[in-house]
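This report goes through a structure shown as sequence and coordinates.

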Amino acid sequence: MNQPEISTLDRKGASKRGTLSGQSLGLILGVLPLVAFMGVFFFWPLWSVLWSSFEDNFGAFTLKNFEVALGEPYRTAFSNSITLGLISAITSAIPGAIIAYIIESRGSQKLRQFIASISSVLSTTGGVPLAFMFIAAYGAEGSATALLRAFGINIYAGSFTLYSLAGVIFVYSYFMVPTMVIVFSPAVHGIRREWQEAAKNLGATTAQFWRRVGIPLLFPSFISSLLLLFAAAFSAYATARAMTSGSVALVPLMIGNLVDGNVINDQMNLGKALAMGMVIVSLVAMIPYLLIQRRASRWQQ
Amino acid sequence: MRAKRLVALAVAAVSVVSMSVAVAAPSSAATNFCTVTDLKTAGGMDALVAAAKKEGTLNVITLPRDWANYGEAMDLFTKAFGIKIVDDNPDGSSAYELQTIATAPAAKQPDVVDIGVSALNTVTGAGRPSIFAPYKVSTWNHIPNVWKDPAGAWYGDYSGIIALSYDSTVSPAPTKISDLTNPAYKGMVALGGDPTAAQMSFLSVFAAAIAKGGSVTNIQPGLDFFKTLKSNGNFVAVNGNGENYAAGAYKISLSWNFNAPGAIASAKKAGKTLKFVIPTDAVLQGTPYIQAINKKAPHCAAARLWEEFLYSENKGITSAKVTAADKKLSGSKLFAKIMGGQNIFVSGGATPINAPAMIKAKSIIDGPEGLNIPKGAKIVQPNPDQQDAAKKLVVAQWPTL
């Protein structure tokens, strides 16, 4: 409950009796734009996708779209997309969290600001420009490839190729590590030096402090950040499309082809069924977060 | 209260619509250019040109400038008739064109579309409302019957042949599709795009099938061929576009022959030499793209003049040679003086739909050099049904190849 905050906004009214209705009116007026925004940009599109995923091309009810969506190659696409989301979230979240901790605990004010601004720029890089950046740098004739070769490292000696699932994960880390730094820094900031000192005074070792206090405190934030990264990688479209020519089955690319392709036609509603599949995966991904959050809030009170 | 306001709104809307109609109506108030179905009912070329000039604008959609020489076609049309061309989303897809017709506000509606056959099938099937305005161009009889709607709702305009494109540094130079497995081409071969999304790439897989012993009813050898290319490391899954070529991400690709002049010019700007050749083991002719006038076209006369222009077989002058004096000519004289769209497609390397009649009448010009069809080669063209069957295999196999 956020009532204390509201009453500081409206302290004069709070002292009188019967101001609750005034308060809730203010609350409603304040929340209204958000509700309208969510309605127009979230619930309405969600509803229309849900509705037409059960329709055929002539508007009649059908389950056929979901039947097809559960078969191949869409099944592989879901498993690839979930793998891509998980691996790139984990490989970006761990270095991101470590950077955030080092910067927040050891860094000077200036360094913190510098990292924050760099991170916010990098975290918004995406789409085709991001793909092209990596193609130009790490492609077969890229500048970074040439530089590494000058030092005797040939990244193309083995079977590595940028235009694969591994390549896409590599490219995504470019914006996902900075994203992690941004979203995780406030949580690290919340760990007070006093707690660590207090734990030490009571005889705890550093390892014990982290195991008993630090990690349990940061864990919910870490999981929610991880979930954010998972969602970003799971749903990213343009970069993957520019880098794979459809040779890696990914759900967003398949939806794109169904809705806007020149080859497959008349199957837009199958695309919507796949979109509903993505919604369900996202909802399932929320469950561990909600469980952890509930546990965490129990002892945060 | 609410009803009243609605009525007032409706009245206002109606008066706005009728006002804009009044403004758009040509001087010869008798002719409604939105319903004319040929040049005769339009009152002749002079009347059509005059009405189109008055409208002043033509809305086209998804026409890349270096695609089938559309850049020159648009330049010539604008320069000769003084009609501005607005090209919405030049790199967009056929699906985007149809979605725009379905959803865009009146003023943003395209006047004409250029769509793939498979997209056409989604709007002309049984039980679908017609979204095109029928119109038969003057050279209507030259369009082969299979590629036009008897009522004039749609008509094929040009088609391409799948060509090999390669950087001049590639050694040995490939001459056929089956060459592409050569270990010397490791990490060099790309497709123009995703074969499950782009018609050109889909037909590139089809061409590979023809090269490897497949047929119009058997695309499997093409898929197997790309599987080999993928496993031996020759294939890179990068989009075979101009930027990626300039960045050195690939050196060999398959593309429409009619993209050659534009692609060669852009490569030159990037300091590279790009070459095109028709593969000797597969001459695959695509199905033609389809031209149609939108029923909701905001510029009805300009739309019809554009179609007359695209199907004109005149040899005439190009945009660079149009003079101020030419622009003062009467509509019909000016139209007769400029190059027709069919020959503009030829100079871009495409095969115009009227080609058989034009060859007979010797009204066809020479295409760009170096894109000759190999002697004795058999031209293969899968029909729409064969393509649909092949697509199912590609969609099912490509993502997990």
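## Domains and contacts

Chain B falls into domain 1 (34-159 + 287-361) and domain 2 (162-284 + 369-400), with bounds that come from an automatic or database domain assignment. The model is a predicted one, in which local features need pLDDT of at least 70, side-chain atom pairs count only at pLDDT 80 or more, and totals for chains, interfaces and linings use all residues. Residues are numbered from 1 along each chain as its sequence is written, while chains are lettered from A and ligands numbered from 1 in the order in which they are written.

Chain A is also divided, into domain 1 (1-42) and domain 2 (53-300).

| Domain pair | Distance between centres |
|---|---|
| Domain 1 of chain A and domain 2 of chain A | 35 Å |
| Domain 1 of chain B and domain 2 of chain B | 29 Å |

Within chain B, the contact between the domains takes eleven residues from domain 1 of chain B and twelve residues from domain 2 of chain B; two residues are in contact if their C-beta atoms, placed from the backbone, lie within 7 Å. The side of domain 1 of chain B that touches domain 2 of chain B has four nonpolar, six polar and one charged residues. Here Ala, Val, Leu, Ile, Met, Phe, Trp, Tyr, Cys and Pro count as nonpolar, Asp, Glu, Lys and Arg as charged, and the others, Gly among them, as polar.

Between the chains, the contact takes 36 residues from chain B and 30 residues from chain A. Elements of chain B that give two or more residues to this side include helix 4 (94-103) and helix 5 (117-124). Helices (H or I, at least four residues) are DSSP runs, numbered from the N terminus. The side of chain B that touches chain A has 18 nonpolar, 15 polar and three charged residues.

Helix 4 of chain B and helix 5 of chain B also pack against each other, at an angle of about 30 degrees and with their axes 9 Å apart. Helix 4 of chain B is therefore roughly parallel to helix 5 of chain B (angles under 35 degrees count as such). Ser94(B), Ala95(B) and Leu98(B) in helix 4 of chain B meet Ala119(B), Thr122(B) and Val123(B) in helix 5 of chain B.

As for confidence, the predictor gives the complex an ipTM of 0.76 and a pTM of 0.77. Chain B averages a pLDDT of 87, where pLDDT is the predictor's confidence in each residue, from 0 to 100. Over residues 1-28 of chain B, pLDDT stays under 50.

How values were computed. Axes fitted to C-alpha atoms, helices over the stretch in contact; angles between N-to-C directions. Parallel < 35°, antiparallel > 145°, perpendicular 65-115°, else oblique.
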